Structures are given as structure tokens and as C-alpha cells.
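Hi everyone, thanks for making time. I'd like to walk you through a few spots in one structure, so let me put it up on the screen.

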Amino acid sequence: MFNNKMNILKALGIIAVVAGHSGTNFFRWFPVYSYHMPLFMFISGYFFHKEGIFAGIKKKFKKLIIPFLAWNLFYGILINVLKHYGLVKFGHNLSLKSLFWEPFTGGWAFVFNGPAWFIGTLFFVQIFYLLLKKCFDDRNYVVLCLCFLLHLVSLYMAYNGYSAWFYSLGIAIERVLFCLIFYHIGQMYATCFENRDKFSFNKLISVFVVNAVVLGFISNHITCNIHQMRFPNHKILLPLLVACTGIYMCLQLADLLKDKIERESILSYIGENTFSIMMHHQFFFYLFNTVLLLIKELHILNLNTFDKSKYLSNIYFRVSAHYPVNDLLYLLVGIFGPLGCVYVVNVLKNKLRDKKILRINCFK
């Protein structure tokens, strides 16, 4: 059954992800790097349901890991071709390590699909969580305590230099342990709290007040880099607190919008295609920069701030002379580039299906 509230929540989450990578910061009180990855763990946990361990592994491997590794191979070939012709100066060479190990540890071997590191982490969070639920069944608060303990263990590992252990396996473990608690909170929200939680202006104001107090009196640096497990300070409960306030802020907005946003809307379509947007938006940033370079080289526009050397060597290069318009353009390209490709593919699939049905009917 389609869940419009969660679909809107996914749309808000992926917009936050693309905004973070495009350099756009919507609101200083809720910086996207304080909550966007925990938000997706929360959403995934919300949809958790009990199943057998081996059946669950098989289903999740087919749904997540096979497309994850297939796209990793695609971008590995692409970026090595571009490197061969001197069109980029970043990305690793093709090897068994870059194809099958680094997607789960470093996650940025071929750069264009770098943000998809989350998919590998999500897979192992789901498997670990299946094992926890198998052991403790419906004792939600026991699982919550264990997840909180493992969350603290992940921070201890991150603060004490375990990330590089065994060819960066340490950082992969840290991510999984860090994210488990958000997955479980999502499952608890679905089973215990959602029916009692409706949009309230007072609730929305409350999370704003909490973040204002945190920023004003605890730390004005609340962003964290979960990919690299780097944190701005050693206030160990701060990442959990601000992730929860960010998630709840988005939940309140999603609940407010769920009866106003139709499934045929663009926002709903974004929510239904978060995998594609997460996988490909960085590549579309690169394509957009390439178009800007051509515009400059052909003297169509005088883009004096376009630095070709940075374009060749740094995937995060952005034209920044016309803020905030340039940020908006990167954000739109990162969202609607992958979305447009999904739309075209779906149209072609539907046409092929219709032709197949017509052909079958002709032979009847």
C-alpha cells in the first residue's frame, strides 16, 4: 500500500542529500549534514517487517547490492575511459578491490556514484537488524538499548583511530553501528508512536527551539560526515540529538503535506525515485560542469570563474560567482537529471510492454 507521508519524507530527504552535495544550505538551524543520512535509515526502519534471515538476505541482496555493484562497474568503466583521454583526473583504476571492496569501505572509488556508499551501509544495517530482532523478538526497548550501546561503540572507534583498520573495514563497521539506532527508531515509530503523532505547530516550534539551544549554548558546529565518520567535536550525544530533531522536523512537514501533495505530483515522483537520484546526481553535476565548460570554450558566455583545472581534478568544483542562482541550478540538475532519465526509461518500457501485449493479442 502506497504511503504518501513516507514518500514525501523520502523526497525531502533526497532533496537534502542533493542540496548538501551542491553546496546549498536551506536553513542554518537544520544543516542537512546533521540529519539526512540518519533520515534515510529511519525511513528504511519504518518499513521493516519480520522475515527469515536467509530469505531477507537474498531479497535485500537482489534489491540493493546487485544494482549497487552493477552501477559501480558502469561508472568504473566510464571514469577510466575519461581518465585515459585526459578528461578527468580523479577516480581509481579498475580492480577487484575498487569493484567489490571499496564500494563498502571507501565508497568513492569511481566518484560519480560516490553518494551511493549509503546503499552498502544500509544493506548491512538491515542484515544486522534482522539478527537482532531474531534474538530479541518484540522486546523493542532491549533492542533500543543495544543499538544505543553500539552507537556509542561506533563513536569510540571513530574517535580512537579504528577507521583505517584492515583496509578501511573499520570505517564500514563504524557506519553500520552508528546507523543502527536510527533504523530501530524508524521501526519503533511505525509500530508504537505514529498513530499518536500528528502534525502540530507546537511540535514543529519545539524542535526549532531545541536546535536553537544546541547551536547557541552547546555547539554551533552540528554537522557530521557519516561517510568518513568525522565529527566536529567529542560531544558524543550531539550527533544523535540533532539527527533526531532533523528527522522529526521532516516528519512534521511530511505529515502536514501528506493530504495536500498528490501522488502524481513532482514531489511524489522524486520520493519514488530516491535510489536513482542518490546513485546518479553527482554524475549530473559533472555533466552540468561540462556543459558550462563548452559554453566558455565556445565564447557563448564569459564564465571567468570557471576553473578548468579544478573541473578536471575535483568532482566538488562548482561555479560560485552568481550565488544563490548557481546553487539552485546545481540542485535542479542533480534532482531532475536522474529523474528525467528514469522518466524516459519508464516511457520506453511501457511502449515495449504495449507492443508485446499487442503482438500477443494478434496471435490469439
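This is a predicted model: local features need pLDDT of at least 70, side-chain atom pairs count only at pLDDT 80 or more; totals for chains, interfaces and linings use all residues.

Okay, helix 1. It covers residues 4-22, so that's 19 residues, and from its first C-alpha to its last it reaches 27 Å, close to the 27 Å you'd expect at 1.5 Å a residue. How many of its residues are buried? That would be 17 of the 19, so helix 1 is mostly covered. Now look at the two ends. At the start, a side-chain oxygen of N3 comes to within 3.2 Å of the backbone nitrogen of K5. After the helix comes G23, and its phi is positive, near 90°.

Next, the pair. Helix 5 is residues 117-136 and helix 6 is residues 140-159, and they pack at an angle of about 140° with their axes 10 Å apart. Helix 5 and helix 6 are therefore oblique to each other. On the helix 5 side, the contact is made by F128, Y129, L132, K133 and F136. Helix 6 brings N140, V142, V143, L146, C147 and L150. And the crossing is right-handed.

Last stop: V176, which sits in helix 7, residues 165-193. Is V176 buried or exposed? Its relative accessible area is 9%, and under 20% counts as buried, so V176 is buried. Leaving out residues up to four places away in sequence, V176 touches T121, F124, V125 and F128.

Conventions:
Residues are numbered from 1 along each chain as its sequence is written. Side-chain values use heavy atoms; hydrogens and water are left out. Helices (H or I, at least four residues) and strands (E, at least two) are DSSP runs, numbered from the N terminus. The expected span of a helix is 1.5 Å times one less than its number of residues. Buried means under 20% relative accessible area, exposed over 50%, partly exposed in between (1.4 Å probe, protein chains only). A polar contact is a pair of N or O atoms within 3.5 Å; within protein, one must be able to donate a hydrogen and the other to accept it, and residues adjacent in sequence count only if both atoms are side-chain atoms. Axes are lines fitted to C-alpha atoms, for helices over the stretch in contact, and angles run from 0 to 180 degrees between N-to-C directions. Angles under 35 degrees count as roughly parallel, over 145 as roughly antiparallel, 65 to 115 as roughly perpendicular and the rest as oblique. A crossing is left-handed if the near helix is turned anticlockwise from the far one by less than a right angle, and right-handed if clockwise. Contact means heavy atoms within 4.5 Å.
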